Amino acid sequence: MSSNWVEVCAADDIDEEDVIRFDHEGRTFAVYRSPDDEYFATDGLCTHEHIHLADGLVMDDIIECPKHNGRFNYKTGQAKGAPVCVNLKTYPIKVEAGSVFIAIS
Amino acid sequence: MTTVPTKRDYSLLGRDAEMAVANGLAAAEWYHTEIPRKQMKELMKRDDGPAIRDTAIWLGSMVLFGGLGIFFWGTWFAVPFFLAYGVLYGSASDSRWHECGHGTAFKTMWMNDAVYQIACFMIMRNPVTWRWSHTRHHTDTVIVGRDPEIAVMRPPDLLRLVLNFFGIIDFWHALIDMVRNAFGVISPAEKTFIPEMERPKAILVARIWLAIYVTTIGLSVYLGSILPLMLIGLPRLYGAWHHVLTGLLQHGGLADNVIDHRLNSRTVLMNPVSRFIYWNMNYHVEHHMFPMVPYHALPKLHAMIKHDLPAANPSILNGYREMIPAFLRQLRNEDYFLKRDLPPTARPYREEFHSEPVAAE
C-alpha cells in the first residue's frame with residue numbers, strides 16, 4: 001500500500017505536550033508533540049466512541065479522551081484499559097523545513 | 001393479569017432504547033461551552049496533591065471514628081462516631097468511586113485504581129460493571145432506555161427514594177447482583193454495556209467481595225456481636241443518606257431525552273463539609289460537560305463558564321424546594337419537568353428540546 005506525505009501544519013503550531021486535530025479528505029487525525037519535542041500521529045477519533053481526541057489531555061506519552069477518559073499511548077496507539085479496548089492506528093510522521101508531515105496510506 | 005406500561009420504558013433492551021437510537025439521541029453530539037484550548041489544558045491538568053490530602057483525611061477519619069466507635073461500643077457514646085463513620089463509608093465512597101473511576105482524582109493512575117477499588121467495595125458497586133455503566137451514563141445522560149444510572153424515573157417512586165436514604169433498595173439490589181455475578185451470571189442488561197472481555201473481571205471481584213462479607217458475618221456470629229458488620233457492610237445502609245441527599249439533585253426533576261447537560265443536570269452550591277464528602281460533584285453540569293476536569297478544578301471551571309449555564313441553585317435546601325414539587329407533579333403528569341432558563345449570555349442549542357409544552361413556567 002502506498003503512502004502520501006501530507007503537510008499538517010508548522011511545527012510550532014503544536015505546543016509541547018499537546019495535540020491538534022487535522023482533517024484531510026474526509027478523514028480526521030490527531031497530531032501530537034511530546035514533552036521531548038517529538039511528533040506523533042494517530043487516528044483522530046477514540047476507538048470507544050466517535051470523540052475527537054484532539055479535545056483531550058496529553059500527559060507524557062498518554063492521550064486521554066475528553067468524553068470517557070479512555071487512555072491511549074499515542075506513540076504506539078496502545079489502548080491502556082477500560083473503557084478503551086481497541087488500539088489506535090498510528091501514522092508515520094516527519095518534520096521538514098519547519099513543517100509537520102504525516103504519511104497517510 | 002395484564003400490566004399497564006408507563007409512557008417511559010427505562011429498560012436498556014426495551015422500546016425507548018430502540019427509539020433513542022432511531023431518534024439520534026444515543027451517542028449524540030452534546031452541547032459544550034467554548035473554552036480556549038490553553039485554559040482547558042490548565043483546567044484538565046492532573047495533580048496528586050489534593051486527592052492525597054483528601055484521601056488521608058477521609059480514611060484517617062474513618063480509622064479515628066471507627067476506633068472510637070469500637071472503644072465506646074455498648075454505650076450511647078458510640079452513636080455519633082458510628083454516624084460519622086457511616087457517612088464516610090456509605091456516602092463519601094460514592095464520590096470517590098466516581099472521581100477515581102474517571103481517573104481524574106489523582107495524577108498517578110495506580111492511586112486512582114486503588115481508591116476506586118476500595119470505594120467500590122464500600123458503596124457495593126462492582127468496579128467493572130459500574131465503570132461501564134457510568135461510561136454509558138456519560139454518553140447518554142438521562143436518555144430513557146440508554147442511561148443505566150437514572151436515579152429517579154418517571155413517574156417517581158417516592159417510597160423507593162425514601163428507603164434509599166437508608167440504602168435499603170440499593171443495598172438489596174447490590175447484594176443480589178453480587179451473588180449473581182459471583183455465580184458467574186452476567187445479566188442481559190449488563191451485557192448491553194460490559195464488553196465480553198471485561199465480564200470475567202466482574203465475576204472475580206464479586207467472588208472476592210462475597211468471601212469478605214461471608215467472613216464478616218461469620219466473625220459476627222463467632223463473637224456474638226454485630227460490631228464487625230457495623231464496620232463492614234452495614235455502613236452502606238446507615239451512612240447512605242448523604243450521597244442520596246446530594247445525588248438526587250444531580251438530575252432530579254429536570255428534562256430527559258435532551259442532549260444538553262445545561263437542561264438535564266443541576267449545579268448546586270453547597271457547604272464545605274458536603275462538598276468534601278461529595279468531592280465537588282455539586283458542580284454537576286460542569287462535570288458532565290467536561291468530565292476530564294478533576295474535582296478540585298470544578299469551582300474554577302464553574303466560575304469560567306457560568307455565563308453560559310442556568311443559575312446554580314444556591315443551597316441543597318433550595319434544590320429540594322424546586323425538586324420535590326416537581327416529583328409530586330410528575331406523579332400526575334410524568335411529562336412534567338423543570339425547564340432550565342439559560343441566561344441571556346448563553347448560547348442556545350437544539351431549540352426544539354427547549355420548548356416542550358409541559359415544561360414548568
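Q: What makes residues of chain B count as being in contact with chain A, and how many are there?
A: In this predicted model, two residues are in contact if their C-beta atoms, placed from the backbone, lie within 7 Å. By that rule 16 residues of chain B are in contact with twelve residues of chain A. The largest share of the side of chain B that touches chain A comes from helix α7 (residues 127-139) of chain B, which gives five residues. Sorted by class, the residues on that side of chain B are seven nonpolar, six polar and three charged.

Q: Why is α3(B) called roughly antiparallel to α4(B)?
A: The axes of helix α3 (residues 48-71) of chain B and helix α4 (residues 78-90) of chain B come within 8 Å and cross at roughly 150°. Angles over 145 degrees count as roughly antiparallel, and therefore α3(B) is described as roughly antiparallel to α4(B). The crossing in which α3(B) passes α4(B) is left-handed.

Q: Which residues make the contact of α3(B) with α4(B), and what classes do they belong to?
A: From α3(B) the contact includes B:Trp58, B:Met62 and B:Phe65, and from α4(B) it includes B:Phe81, B:Tyr85 and B:Leu88. By class, this contact has eleven nonpolar and three polar residues, with no charged residues.

Q: What makes α9(B) roughly perpendicular to α11(B)?
A: Helix α9 (residues 168-182) of chain B and helix α11 (residues 199-223) of chain B pack with their axes 7 Å apart, at an angle of about 115°. The range for roughly perpendicular is 65 to 115 degrees, so α9(B) is placed in that class relative to α11(B). The crossing of α9(B) and α11(B) is left-handed. On the side of α9(B) the contact is made by B:Met178, B:Val179, B:Asn181 and B:Ala182, while the residues of α11(B) include B:Ile203, B:Arg207 and B:Trp209. The contact of α9(B) with α11(B) divides into eight nonpolar residues, one polar and one charged.

Q: At what angle do the axes of α5(B) and α6(B) cross, and which residues meet there?
A: For helix α5 (residues 92-102) of chain B and helix α6 (residues 109-123) of chain B, the axes come within 8 Å and cross at roughly 145°. The crossing of α5(B) and α6(B) is left-handed. Among the residues that meet are B:Asp94, B:Arg96 and B:Trp97 in α5(B) and B:Tyr116, B:Cys120 and B:Ile123 in α6(B). The contact of α5(B) with α6(B) has eight nonpolar, three polar and two charged residues.

Q: How do you know whether chain B agrees or disagrees with the radius of gyration of a compact globule?
A: A compact globule of 361 residues would have a radius of gyration near 21 Å, and because chain B has 21 Å, the value agrees. The C-alpha atoms of chain B fill a box of roughly 65 × 55 × 40 Å along the principal axes, and chain B has 19 helices and zero strands.

Q: Which residues of chain B carry the annotation "transmembrane region"?
A: The unreviewed UniProt entry gives this annotation to residues 56-88, 158-176 and 208-232 of chain B. Residues 56-88 of chain B are 82% helix and 0% strand, with the end C-alpha atoms 12 Å apart, whereas residues 158-176 of chain B are 84% helix and 0% strand, with the end C-alpha atoms 22 Å apart.

Q: What is the omega of the peptide bond from B:Arg154 to B:Pro155, and what is the phi of A:Glu25?
A: The bond from B:Arg154 to B:Pro155 is cis, with omega near -5°, and B:Pro155 lies in the loop between α7 and α8 (158-164) of chain B. A:Glu25 has a positive phi, near 50°, in a residue other than glycine, and A:Glu25 is found in the loop between β2 (18-24) and β3 (27-33) of chain A. Most residues other than glycine have a negative phi, and most peptide bonds are trans.

Technical notes: Residues are numbered from 1 along each chain as its sequence is written. Chains are lettered from A and ligands numbered from 1 in the order in which they are written. This is a predicted model: local features need pLDDT of at least 70, side-chain atom pairs count only at pLDDT 80 or more; totals for chains, interfaces and linings use all residues. Helices (H or I, at least four residues) and strands (E, at least two) are DSSP runs, numbered from the N terminus. Ala, Val, Leu, Ile, Met, Phe, Trp, Tyr, Cys and Pro count as nonpolar, Asp, Glu, Lys and Arg as charged, and the others, Gly among them, as polar. Axes are lines fitted to C-alpha atoms, for helices over the stretch in contact, and angles run from 0 to 180 degrees between N-to-C directions. Angles under 35 degrees count as roughly parallel, over 145 as roughly antiparallel, 65 to 115 as roughly perpendicular and the rest as oblique. A crossing is left-handed if the near helix is turned anticlockwise from the far one by less than a right angle, and right-handed if clockwise. The radius of gyration is taken over C-alpha atoms; the globule rule is 2.2 Å times the number of residues to the power 0.38. UniProt positions are given in the numbering used here, feature names are shortened, and annotations may be inferred rather than shown by experiment.
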